[in-house]
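Dear colleague,

Please find below the sequence and structure that I am handing over to you. My notes on what was found follow directly after.

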Amino acid sequence: MGDPLDGLRSLMASHDPPLHALIVPSEDYHQSEYVSARDKRREFVSGFSGSAGLALVTKDDARLWTDGRYFLQATQQLSDRWKLMRMGEDPPVETWLADNLPNDATVGIDPWCVSVDTAQRWENAFAKKQQKLVRLGKNLVDEVWENRPPPVINPVIVQPLEFAGRSVAEKLKDLREKLLKAKARGIIFTTLDEVAWLYNVRGSDVSYCPVVHAFAIVTTVSAFFYVDKRKISTEVHSHMEKNGIEVYDYDSISSDVALLASGKLNSAIKGSQTEASNDQEISSSRNGENGAKQTNPDLIWLDSGSCCYALCSKLNSRQVLLQQSPLALPKAVKNPVELDGLRKAHIRDGAAVVQYLVWLDKQMQSIYGASGYFIESDKTNKRKHLESIKLTEVSASDKLESFRALKEHFKGLSFPTISSVGPNAAIIHYQPEPDTCAELDADKIYLFDSGAQYQDGTTDITRTVHFGKPSAHEKACYTAVLKGHIALDTAIFPNGTSGHALDILARVPLWKSGLDYRHGTGHGIGSYLNVHEGPHLISFRPHARNVPLQASMTVTDEPGYYEDGNFGIRLENVLIVNDADTKFNFGDKGYLSFEHITWAPYQIKMMDTSMLVPDEIEWVNTYHSKCRKILAPFLDESEMAWLMKATEPVSV
């Protein structure tokens, strides 16, 4: 098969009207970060496999925008027909198009794969040059994708109350109260983890994310679930019926949004005359002589940051309430059952990571003659055994997965494991492939960023280790990252503080040496849901100002440092936001602090202890002491002996 660029350009030229440009985003119909194989359109077109990015195809040009996590990876994966555009450094796509295409140019999009916010931002930018955003009836990438993977039919499962912590009835009651307060009679949910969380269901339609491809509509008196019915078992059907949720075909969301807009959704489907007649009365009053003067009690709520443009386009602009989803915060602020599950999941996960490190240490010594996890020596016998025996980034990560798979409630990984040696560790979201991955090397840094989905919680941990003799520079960089990691972990801050304000804490130790990193410092994490969960985050990016951190939120603490072509360092724990017990309470705001729930040692050999102040050394020693106590029940005698040695007190 030829380059898809050629097929796309042919379709663009023959389109009515002809398209000057085509935008191919990473997202699916639900604006997901991770998408199923058949939705990886941007990867198919460009060859770039990172989770974030946007492709632009014009008659003579092909460009790919991505963020700092992927600059190095994109330069390696893009062919010479593509040009990399660095987000934060190069102009955004709408600016580039406005500046480089003629006036009256037409730019094609699939409105199902673009959010309302994004589409409106592009439209506003294009309007200045009389350029037009064209909503395509068919996705042109699908037209040229000959061997596009078929849809996967995986069963929907019920998330039991013992793990969910709150019933569907409670969640719907709270949601309907918010609808009434906002004078909205209905809301459309398109985000997969919100649908799963609201209805207490999970699935496996997207790798690493326990979600099901589905939409939901909830009104003041009814609830609907749009899904491929082949995925619905008798148990799930009973669960939905018990909670007053009607199940309809996935594809009928489009026509039902139109019915919702006209006030006829319930009468058309359910025969509920009450809401239908109310809707029609409201609609009549709105269209009457005094309609323009009245407040609008019949709004349809949708989240413009996540709802696709295609569905929003079916609503009258006067009846749309564009606000953040009312589920975003309740999902992010974990209930006590979810917090308990997350703590337990992270303990089991930490035990798996320690077991992996024990195994890896032994392998590096026996196969490569490495000095190992504890001893600093650059004298390695590269090959103690036969050439056929070797460890690769992939075989090592597979072993890590096998340790996790033995743990209670394990359901799979939470994202593709980043198992990276030397220069590959400088690729922030590196994903090793069996045919091209590197062999482990005792003389180079090894970084692994990994996590799992357990039915009681989602995990995400990063550790960076060296099995030979790290250089003084590598130690200094590692210690600067560790200092930032500790600074964020120990922060105490007032209610109302956003992650944007806290991000600097993790960077200051690096900044003192003129170092930095190009990714955010922390993201929310789901309760057996997506490993990246908003709406809050800890980041230098402006949108991190939007949502203050609250007690019972989860967030990661993951500063790093990366030298292209040389090495990468990152340290990551998951934190829970708790109320802080402070001596004073200035402004009666109340104060917050963090509780770390990730348990695995930091490599003392990688630390330049002369850079650590007494409080930081005490933090490391206290953390390591807790690791021993918390993980002991999950380790055998030899594993525990290794952990005891790995967590010996640090002294200056």
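Predicted model: local features only at pLDDT ≥ 70, side-chain atom pairs only at ≥ 80, totals over all residues.

Residues are numbered from 1 along each chain as its sequence is written, and side-chain values use heavy atoms, with hydrogens and water left out.

Annotated domains

The UniProt record, an unreviewed entry, lists "domain: Creatinase N-terminal" at residues 6–136. UniProt positions are given in the numbering used here, feature names are shortened, and annotations may be inferred rather than shown by experiment. The span 6–136 is 32% helix and 21% strand, and its end C-alpha atoms lie 19 Å apart. Helices (H or I, at least four residues) and strands (E, at least two) are DSSP runs, numbered from the N terminus. The unreviewed UniProt entry also places "domain: Peptidase M24 C-terminal" at residues 590–650. There the chain is 46% helix and 10% strand, with 34 Å between the end C-alpha atoms.

Helix α1

Which residues of helix α1 (residues 4–14) are buried? They are P4, L5, L8, R9 and M12, where buried means under 20% relative accessible area, exposed over 50%, and partly exposed in between (1.4 Å probe, protein chains only). These residues are on the same side of α1 because they cover an arc of only 135 degrees around the axis; the arc is that of the directions from the helix axis to the C-beta atoms. A13 and S14, on the other side of α1, are exposed. The buried residues of α1 pack against β1 (21–25), α2 (41–46), β2 (54–58), β3 (62–66) and α6 (140–144), contact meaning heavy atoms within 4.5 Å.

Salt bridges

The whole structure contains 28 salt bridges, each defined as a side-chain nitrogen of Lys or Arg within 4 Å of a carboxyl oxygen of Asp or Glu. Three of these pairs are described here.

D39 pairs with R148, with 3.7 Å between the closest N and O atoms. This pair links distant parts of the chain, 109 residues apart: D39 is in the loop between β1 and α2, and R148 in the loop between α6 and β7 (157–158). D39 counts as buried at 10% relative accessibility, whereas R148 counts as partly exposed at 22%.

K173 and E177 form a salt bridge at 3.0 Å, N to O. The two are separated by about one helical turn because they are four residues apart in helix α8 (residues 168–181). K173 is exposed, with a relative accessible area of 53%, and E177 is partly exposed at 43%.

E533 forms a salt bridge with K331, the closest N and O atoms being 3.5 Å apart. E533 lies in strand β23 and K331 in helix α15 (residues 328–332), so this pair ties together parts that are 202 residues apart in sequence. Both E533 and K331 are buried. Salt bridges that share partners also join D39, R41, D142 and R148 into one network.

Backbone

Most residues other than glycine have a negative phi, and most peptide bonds are trans. The peptide bond from D16 to P17 is cis, with omega near 0 degrees, and P17 is in the loop between α1 and β1.

Y208, although not a glycine, has a positive phi of about 75 degrees. Y208 lies in the loop between β9 (201–202) and β10 (215–219). S552 likewise has a positive phi, near 80 degrees, and is found in the loop between β23 and β24 (554–557).

I504, L505, V508 and W511 form a nonpolar surface patch with about 310 Å² of accessible area together. Patches are made of residues with over 30% relative accessible area and no salt bridge, like charges being joined within 9 Å and nonpolar side chains (Val, Leu, Ile, Met, Phe, Trp, Tyr) within 5 Å. Accessible areas come from the Shrake-Rupley method with a 1.4 Å probe; for residues, only the protein chains shown count as cover. I504 belongs to helix α19 (residues 499–511) and is partly exposed, with a relative accessible area of 40%.

Y517 lies in the loop between α19 and β22 (522–524) and counts as buried at 5% relative accessibility. Leaving aside residues up to four places away in sequence, Y517 touches A506, R507, L510, P559, G560 and Y562.

With kind regards
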